[in-house]
Amino acid sequence: MVMGEVPEEADIAVIGGGVGGYTAAIRAAELGKSVVLIEKEKLGGHCLNYACIPSKTLIHISSIFYDSTHSQKFGINAQNVTIDAKKMLEWRVGVSEKLEKGVAFLCKQNKIDVLKGSATFIEKNRLQVTDGTEVIFKKAILATGSIPSNLSSMPFDGKRILDYKQALLMDYIPKEMAIVGAGYVAVEISTLYAKLGSKVHVIARSDVLSKFDRDAVAIVKRHMETLGISIHFGVAPKGYDNGVLELDNGEKINAEVAVVAVGLSPYTDGLGLENAGVETYGRGFVKVDGRLQTSNPDIYAIGDVIGEPMLAHKSMRQGVISAEGASGLGSMYDNVVVPAVIFSDPEIAIAGSVEQSEGITVKKFPLTALGRAIALDETDGFAKIAYDSSNIITGIEVVSPDANAVIAEAALAIEMGATLEDVADTIHPHPTYSESIKEVAEAALGRPIHFFYGGTA
Ligand SMILES: Cc1cc2nc3c(=O)[nH]c(=O)nc-3n(C[C@H](O)[C@H](O)[C@H](O)COP(=O)(O)OP(=O)(O)OC[C@H]3O[C@@H](n4cnc5c(N)ncnc54)[C@H](O)[C@@H]3O)c2cc1C
């Protein structure tokens, strides 16, 4: 701020213009508050510019490329199909730019004052922004997200040792690629580059997708192997030099690039949380209560910066709740489930838990019995449903193409306390993957139609 300049005053200051932050800003503006949104890089944050949207764009393109040369069974004999990586990147970047512009438009229409710069708390109700503005706020919402975690043995260099952002911004297809990590980000990136023709190695400290249902993961692993992905289990990297990744078992892997995808860390660098009385826990996540208020009740925090699950739709929901709370409404973050989708091959989508436990029964329906899956030759998958002794649904998992599109029904059912009967008796459109949810509910009720459980359904 230039000396003598009057600080900007706002009812609500939102720090971070990612999916959580811009959602909070829009909701607060809808509630009639004056809102300042401070973003140091790009509106839309990681999700729109570097993570969710870019990865799904590239996954889609890689599947078109792969399917074009693997569809002989349908009578398609495409030859000399090539991929132009520069053109692919142009499309991927263009999508992010379009979405970023869309967010800017929405901010403008909602009369949100967007400041470009990095914000630091200098007092409990004051922020200094690097563009020179000082902001005095009544309430603030922290939505500064996360950054890729690094490995001391393999520091990112942006050329050969890449984080997930850089791996999704390459203008060439590497011949050989190593991915350190075996969580969903590693699985998605390995699958997409394998489909584009790279020889991919996945370095897994224990197993692939170790936090997910083993039945589902077994299918995904089988497909990864079919794509030629080599999974190295129970090993860690020792270092990467001159195109060679060395593992702690002595093995050496040739890799033009090595992608380190070992998780996300909360991002609070330079925020001056100590000046605002905002406490953190664990690896530096911001501590919040059920209303998303931090240890300073005038400051809320949402999204990746407050911890797991680090997912965009959780950030967006918390954006709405925090904006309502900061605007004087009594909203609580009390959602029962945060659905999750892994855009693997096939996709795994889950809402709630499908683990067998005390008082919970789990039923499974195989895609070998689903018309749509048979038509598309995608029968390696299933739907699972978990329910309690009152038939109330506690979890649904779908492993299939387009599982992303059907899982919202599961989330809605669980949020509403739906029973097996509610789902089984709802007419589902045919022929769709959504029918797998209805079929598994029918099976759980002991009245399966399209699969014979050997008289024990
Ligand atoms: C490869 C990959 C794929 C993913 N795919 C999915 C997916 O398919 N679906 C899904 O739900 N989730 C996905 N995620 C997770 C998702 O990207 C995050 O959960 C989501 O982006 C978190 O949103 P956020 O608003 O909390 O933070 P972010 O999107 O990280 O936004 C935070 C913003 O704050 C800004 N900022 C930080 N500090 C300051 C400061 N001091 N001043 C001003 N601005 C600041 C940053 O520049 C950034 O723009 C994926 C993640 C990765 C890595």
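The ligand is surrounded by 36 residues, the closest being G16, G18, G45, G145 and G303; a residue counts here if its C-beta atom, placed from the backbone, lies within 6 Å of the molecule. The structure is a predicted model, in which local features need pLDDT of at least 70, side-chain atom pairs count only at pLDDT 80 or more, and totals for chains, interfaces and linings use all residues. Residues are numbered from 1 along each chain as its sequence is written.

Two or more residues of the shell come from each of helix 1 (19-30), strand 2 (35-39), helix 2 (45-49), helix 3 and helix 9 (312-326). Helices (H or I, at least four residues) and strands (E, at least two) are DSSP runs, numbered from the N terminus.

An automatic or database assignment sets the domain bounds, as follows.

| Domain | Residues |
|---|---|
| domain 1 | 8-147 + 265-326 |
| domain 2 | 161-262 |
| domain 3 | 340-444 |

Between the C-alpha centres of domain 1 and domain 2 the distance is 27 Å. In domain 1, 14 residues contact eleven residues of domain 2, a contact being C-beta atoms, placed from the backbone, within 7 Å. On the domain 1 side, helix 3 (52-68) and helix 4 (85-109) each supply at least two residues, and helix 3 gives the largest share, eight residues.

A25 touches V14, V35, L37, C107 and I112, leaving aside residues up to four places away in sequence.

Methods:
Contact = placed C-beta atoms within 7 Å.
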